[in-house]
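Here are a few friendly notes to read alongside the model. Please keep the structure open while you go through them.

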Amino acid sequence: MDTFFQMHTFFLISSVGFIIIFILAAIFLFYLITTIYSLRRIVLKIEKGISKIEGTTKDLLEDMRDNVIFKFLFGKRRRRKEE
């Protein structure tokens with residue numbers, strides 16, 4: 001009777017332990033998934049911002065290169081002769 005009681009006690013404790021571990025793993029996965037979703041939204045917003053900035057930066061560089069002061073300071077680009 002003593003070994004039978006120990007066996008049931010062991011299985012009860014291990015079952016409760018596995019249930020607790022499963023619940024903790026489920027909570028961890030829930031927070032992990034929500035964090036990944038939030039990071040995905042942030043990355044998408046950054047990509048949209050970068051695509052908007054790209055066009056503005058190109059226009060700014062063209063305007064700066066066409067500026068008289070820039071041409072005076074740095075001169076025109078010299079092209080190499082092609083052979």
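**Notes on the model**

1. At 54% relative accessibility, Phe10 counts as exposed, where exposed means over 50% relative accessible area, buried under 20% and partly exposed in between (1.4 Å probe, protein chains only). Phe11, at 46% relative accessibility, counts as partly exposed.

2. A word on the background: this is a predicted model, in which local features need pLDDT of at least 70 and side-chain atom pairs count only at pLDDT 80 or more, while totals for chains, interfaces and linings use all residues. Residues are numbered from 1 along each chain as its sequence is written, and side-chain values use heavy atoms, with hydrogens and water left out.

3. For the overall picture, the protein chain has two helices and zero strands; these are DSSP runs, numbered from the N terminus, with at least four residues (H or I) for a helix and at least two (E) for a strand. Of the 83 residues in the protein chain, 0% are buried. The accessible surface comes to about 8,900 Å², and 69% of that belongs to carbon and sulfur atoms; such areas come from the Shrake-Rupley method with a 1.4 Å probe, and for residues only the protein chains shown count as cover.

4. How many aromatic pairs are there? The count comes to two, where rings of Phe, Tyr and Trp (its six-membered ring) pair if their centres lie within 6.5 Å, and planes under 30 degrees apart count as stacked, over 60 as edge-to-face and the rest as tilted. The ring centres of Phe10 and Phe11 are 5.4 Å apart with planes at 65°, so this pair is edge-to-face. Phe30 and Tyr31 also form an edge-to-face pair, at 5.6 Å centre to centre and 70° between the planes. Both Phe30 and Tyr31 are exposed.

5. Phe30 and Tyr31 also belong to a nonpolar surface patch, whose members include Leu12, Val16 and Ile23 and which has about 1,100 Å² of accessible area together. Patches take residues with over 30% relative accessible area and no salt bridge, joining nonpolar side chains (Val, Leu, Ile, Met, Phe, Trp, Tyr) within 5 Å and like charges within 9 Å. Ile23 lies in helix α1 and, at 45% relative accessibility, counts as partly exposed.

6. Which residue forms a salt bridge with Glu54? The partner is Lys58, with the closest N and O atoms 3.8 Å apart; a salt bridge needs a side-chain nitrogen of Lys or Arg within 4 Å of a carboxyl oxygen of Asp or Glu. Glu54 and Lys58 both lie in helix α1 (residues 2-65), four residues apart, about one turn of the helix.
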